Amino acid sequence: MKTRITELFGIEHPIIQGGMHFVGFAEMAAAVSNAGGLGIITGLTQGTPEKLANEIARCKDMTDKPFGVNLTFLPTVNAPDYPGLVRVIIESGVKAVETAGNNPAQVLPYFKDAGVKVIHKCTSVRHSLKAQSIGCDAVSVDGFECGGHPGEDDIPNMILLPRAADELEIPFVASGGMADARSLVASLAMGADGMNMGTRFIATKEAPVHENVKKAIVAASELDTRLVMRPLRNTERVMTNAAVERLLEKERALGPNLKFEDIIEEVAGVYPRIMMEGDMDAGAWSCGMVAGLIHDIPTCKELIDRIMSEAEEIIRGRLTGLLN
């Protein structure tokens with residue numbers, strides 16, 4: 001399948017693996033890229049330029065296909081060495097970067113000069129248009145269904161994607177609620193040039209996370225996520241567990257007086273315990289509603305091959321058949 005996204009990134013299939021904290025290691029990115037998609041290493045999980053350089057080198061040992069690095073710009077007291085991370089990405093010869101969080105305008109000139117293609121993750125049409133105006137090559141349009149941070153507009157992809165198609169000139173992929181061939185064909189029908197999957201890729205053989213995490217996703221339904229940190233306007237969609245329910249109780253009790261410090265135990269530094277050690281009640285971890293569509297743990301190649309063959313079946317069979 002050829003789209004503007006496959007052409008832009010030099011990949012076989014229009015499927016991108018989103019950057020995920022303590023999931024987007026070299027093993028994950030290489031497996032997706034080897035299967036014909038675009039794998040992504042999560043830059044802030046590595047934290048330092050030296051560690052990121054090492055992770056990129058590891059990924060290059062595992063694949064000769066294109067892969068990218070996610071760089072999320074967050075408002076934080078102790079900011080990571082962003083200039084160092086940008087330098088390492090460029091010096092390592094990585095040609096694709098997924099930016100997220102705050103406006104990436106300050107780093108774009110460096111990436112542009114080095115021939116790096118930038119796709120920025122956006123949760124609204126206005127942010128997508130801003131990304132286009134500052135020179136991003138593509139955007140990842142993230143609907144309200146997504147795991148992680150869906151923004152504050154609460155617009156689901158059935159509305160958000162056609163709106164983005166109406167307004168944007170640069171290519172975009174659908175993100176949030178993406179799991180299978182139906183997701184891909186629907187996204188293409190609404191004007192996207194591919195799709196970005198996060199939660200679906202955690203439930204794969206190669207995902208370097210504890211087996212408990214994969215089993216939790218397979219066991220979950222579409223009703224098992226919660227929105228936390230809404231009062232702080234830092235909304236995050238997470239898998240429900242004891243810590244999340246405790247967090248929500250604090251939000252209800254404290255109301256407008258809630259401060260980040262009140263919930264720090266449930267949200268700060270919990271990812272290693274969950275993703276590495278499999279302590280499923282350690283705290284809040286990002287998970288999309290799409291868990292309700294995930295019923296197995298295939299290899300990345302099995303998953304992507306299945307999506308592409310079933311997508312062709314839907315387009316050539318069901319959709320074309322409806323016209324006869």
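## Basis of the description

The place of L319 is in helix α15, residues 300-322. The structure described here is a predicted model.

## The sheet

Eight strands form an open sheet with parallel pairing, in the order β1-β8-β7-β6-β5-β4-β3-β2. The edges are taken by β1 (15-17) and β2 (39-42); each has a single partner strand, so one side of each is left without a neighbour in the sheet. From one strand to the next the twist averages 30°.

Strand β2 pairs with β3 in the parallel sense, over four bridges. Within this pairing, I41 has V69 in β3 as its bridge partner. G39 and I41 point one way from β2, while I40 and T42 point the other way, and all are buried. In a regular strand, side chains alternate between the two faces of the sheet.

Another parallel pairing joins β6 (residues 138-142) to β7, also through four bridges. Here V139 stands opposite F172 in β7.

## Helices on the β2 side

Helix α2, residues 26-34, lies across β1, β2 and β3 (67-73) and runs at about 170° to β2. Helix α4, residues 49-62, lies across β2 and β3, and its direction is at about 155° to β3.

E55 is buried, because its relative accessible area of 5% is under the 20% cut-off. R58 has 26% relative accessibility and counts as partly exposed. E27 joins E55 and R58 in a network of salt bridges.

## Helix α9 and its surroundings

In helix α9 (residues 181-189), the buried residues include A181, S183, L184, V185 and S187. Among the elements that cover the buried residues of α9 are α8 (157-167), β7 (172-175), β8 (195-197) and α15. After α9 comes G191, which has a positive phi near 110°.

R182 forms a salt bridge with D180, and the closest N and O atoms are 2.8 Å apart.

In total, 20 salt bridges are counted in the model. One of the pairs listed here is R200 with D296, whose side chains meet at 3.2 Å, N to O. R200 lies in helix α10 (residues 199-202) and D296 in the loop between α14 (271-276) and α15, so the pair ties together parts that are 96 residues apart in sequence. R200 counts as buried at 2% relative accessibility, and D296 counts as partly exposed at 28%.

## A nonpolar surface patch

M1, I315, L319 and L322 form a nonpolar patch on the surface. Together these residues have about 340 Å² of accessible area. L319 itself, in helix α15, is partly exposed, with a relative accessible area of 37%. That value is over the 30% that a residue needs to be part of a patch.

Methods. Residues are numbered from 1 along each chain as its sequence is written. This is a predicted model: local features need pLDDT of at least 70, side-chain atom pairs count only at pLDDT 80 or more; totals for chains, interfaces and linings use all residues. Side-chain values use heavy atoms; hydrogens and water are left out. Patches are made of residues with over 30% relative accessible area and no salt bridge: like charges are joined within 9 Å, nonpolar side chains (Val, Leu, Ile, Met, Phe, Trp, Tyr) within 5 Å. Accessible areas come from the Shrake-Rupley method with a 1.4 Å probe; for residues, only the protein chains shown count as cover. A salt bridge is a side-chain nitrogen of Lys or Arg within 4 Å of a carboxyl oxygen of Asp or Glu. Helices (H or I, at least four residues) and strands (E, at least two) are DSSP runs, numbered from the N terminus. Buried means under 20% relative accessible area, exposed over 50%, partly exposed in between (1.4 Å probe, protein chains only). Contact means heavy atoms within 4.5 Å. Two strands pair if DSSP finds at least two bridges between them. Axes are lines fitted to C-alpha atoms, for helices over the stretch in contact, and angles run from 0 to 180 degrees between N-to-C directions.
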